[in-house]
Amino acid sequence: MNVAKSGYRVFSANSTPACTELSKKITERLGVELGKSVVYQESNRETRVEIKESVRGQTIFIIQTIPRDVNTAIMELLIMAYALKTSCAKNIIGVIPYFPYSKQCKMRKRGSIVCKLLASMLARAGLTHIITMDLHQKEIQGFFTFPVDNLRASPFLLQYIQEEIPDYRNAIIVAKSPSAAKRAQSYAERLRLGLAVMHGEAQCSESDMADGRHSPPCVRNTFGHSGLELPCKQQAPFPGIELPIMMAKEKPPITVVGDVGGRIAIIVDDIIDDVEDFVATAEILKERGAYKIYIMATHGLLSADAPRLIEESAIDEVVVTNTVPHEVQKLQCPKIKTVDVSMILAEAIRRIHNGESMAYLFRNITVDD
């Protein structure tokens with residue numbers, strides 16, 4: 001049976017076999033069987049979830065990895081959580097290694113903070129706790145009304161650098177934009193390596209995007225009864241008041257702050273999705289004299305033509321964890337390597353259920369990590 005001595009169950013909310021690999025690895029480490037459930041899509045594309053065993057009074061862990069069809073994965077998670085809630089489960093804890101919509105955690109133009117919406121939906125569905133890994137912004141934890149454990153993949157990636165990259169002592173850690181400098185600095189300090197930062201016109205920071213919230217709005221040109229166009233009337237400040245005008249940003253030509261000549265360049269980031277920026281960064285690093293280029297990232301989404309672009313680029317290797325299934329991309333591009341993080345996820349599940357401290361999993365982790 002899938003019941004540990006202290007009584008908990010682990011379910012997978014995925015409907016595709018490729019997405020259940022991480023769930024199987026976690027349950028093998030825990031020494032329990034995967035819970036009996038059926039998750040599938042009906043002919044009209046509706047998601048249906050059926051729990052095939054009693055969960056009354058039990059602590060339930062739902063493991064949900066996010067494939068390319070992110071919205072279907074979210075519905076699978078929500079419906080399974082609600083099914084467990086209505087089946088009288090005591091606690092429902094979501095294990096979501098890559099939290100979707102995490103990049104939409106700030107107001108953009110007249111949009112919305114979708115990450116906050118998703119947090120509210122998960123709470124209403126019945127989740128009481130979440131285990132995730134390397135949130136795009138740590139402040140996302142504040143969107144939730146229940147505990148969130150934001151684990152780190154950096155110990156596994158650091159271990160890979162030390163064990164799998166020959167002559168890593170001759171490497172330099174690279175941040176592909178100033179916004180990634182803190183993460184890169186953390187890697188550089190732990191490996192006792194130098195740091196380089198890309199800066200210039202080729203980089204487009206999220207904070208530089210215009211939010212479009214003009215206040216007051218301009219009243220567009222209108223036409224009177226005579227058919228004559230009336231001028232646009234934009235409301236001015238109070239008479240006698242001159243508001244200072246914000247100067248437009250002008251980025252300098254792209255530069256590399258730091259010496260990468262004759263070194264191994266290791267670019268670190270949390271997510272690698274569209275790879276155009278990484279490919280452009282690699283080309284510049286090659287021009288500056290770097291003889292090998294690695295990319296280390298927690299979440300390998302690798303959307304669109306990412307495998308082909310990586311294969312044709314100056315990048316020597318892309319190392320990501322298995323928080324997101326990417327076996328198809330690996331078949332298309334042998335440069336993509338995977339680091340298994342099921343160990344820390346299994347240990348987090350064990351500690352939470354047994355009521356043990358999580359501090360061990362965050363040892364030597366600072367506020368800036």
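Guide: Cys88 lies in the loop between helix 2 and strand 5 (91–96). Helices (H or I, at least four residues) and strands (E, at least two) are DSSP runs, numbered from the N terminus. The model is predicted, so local features need pLDDT of at least 70 and side-chain atom pairs count only at pLDDT 80 or more, while totals for chains, interfaces and linings use all residues. Residues are numbered from 1 along each chain as its sequence is written, and side-chain values use heavy atoms, with hydrogens and water left out.

Visitor: Why does Cys88 count as partly exposed?

Guide: Buried means under 20% relative accessible area, exposed means over 50%, and partly exposed is in between (1.4 Å probe, protein chains only). Cys88 has 36% relative accessibility, and therefore counts as partly exposed.

Visitor: What is noted about the phi of Cys88?

Guide: Cys88 is not a glycine, yet its phi is positive, about 70°. Most residues other than glycine have a negative phi. Asp134 is another residue other than glycine with a positive phi, near 45°. Asp134 sits in the loop between strand 6 (129–133) and strand 7 (148–151).

Visitor: What makes Asp134 buried?

Guide: The relative accessible area of Asp134 is 8%, so Asp134 is buried.

Visitor: How do you know that Cys105 is in no disulfide?

Guide: A disulfide is a pair of cysteine sulfur atoms within 2.5 Å. The structure holds zero disulfides. For Cys105, the nearest cysteine sulfur is that of Cys115, 6.1 Å away. Cys105 has 10% relative accessibility, and so it counts as buried.

Visitor: Why are Arg45 and Glu46 given the labels they have?

Guide: Arg45 is found in the loop between strand 2 and strand 3, and Glu46 is in the loop between strand 2 (37–41) and strand 3 (47–51). Arg45 counts as exposed because its relative accessibility is 56%. Glu46 is partly exposed because its relative accessible area is 46%.

Visitor: What is Glu46 in contact with, leaving aside its neighbours within four places in sequence?

Guide: Contact means heavy atoms within 4.5 Å. Apart from those neighbours, Glu46 is in contact with Tyr40 and Gln41. The C-alpha atoms of Glu46 and Glu76 are separated by 9.8 Å, and these residues are 30 residues apart along the chain. Between the C-alpha atoms of Arg45 and Thr72, 27 residues apart along the chain, the separation is 9.1 Å.

Visitor: Why are helix 2 and helix 3 called roughly parallel?

Guide: Two packed helices are described by the angle between their axes and the distance between the axes. Axes are lines fitted to C-alpha atoms, for helices over the stretch in contact, and angles run from 0 to 180 degrees between N-to-C directions. Angles under 35 degrees count as roughly parallel, over 145 as roughly antiparallel, 65 to 115 as roughly perpendicular and the rest as oblique. The axes of helix 2 (residues 70–86) and helix 3 (residues 114–125) cross at roughly 25° and come within 8 Å. Helix 2 and helix 3 are therefore roughly parallel to each other.

Visitor: Which residues meet between helix 2 and helix 3?

Guide: From helix 2 there are Ile74, Leu77, Leu78, Ala81, Tyr82 and Lys85, and they meet Leu118, Met121, Leu122, Arg124 and Ala125 in helix 3. These contact residues divide into nine nonpolar, no polar and two charged. Ala, Val, Leu, Ile, Met, Phe, Trp, Tyr, Cys and Pro count as nonpolar, Asp, Glu, Lys and Arg as charged, and the others, Gly among them, as polar.

Visitor: What makes helix 4 and helix 5 oblique to each other?

Guide: The axes of helix 4 (residues 154–164) and helix 5 (residues 181–191) cross at roughly 50° and come within 11 Å. Helix 4 and helix 5 are therefore oblique to each other. In helix 4, Ser154, Leu157, Leu158, Ile161 and Gln162 meet Tyr187, Arg190 and Leu191 in helix 5. The residues of this contact divide into five nonpolar, two polar and one charged.

Visitor: Which residues of helix 5 are buried, and what covers them?

Guide: The buried residues of helix 5 are Ala181, Ala184, Ser186, Tyr187, Ala188 and Leu191. Their cover includes helix 4, strand 8 (171–175), strand 9 (194–199) and strand 13 (264–272). Arg192, with a positive phi near 60°, follows helix 5.
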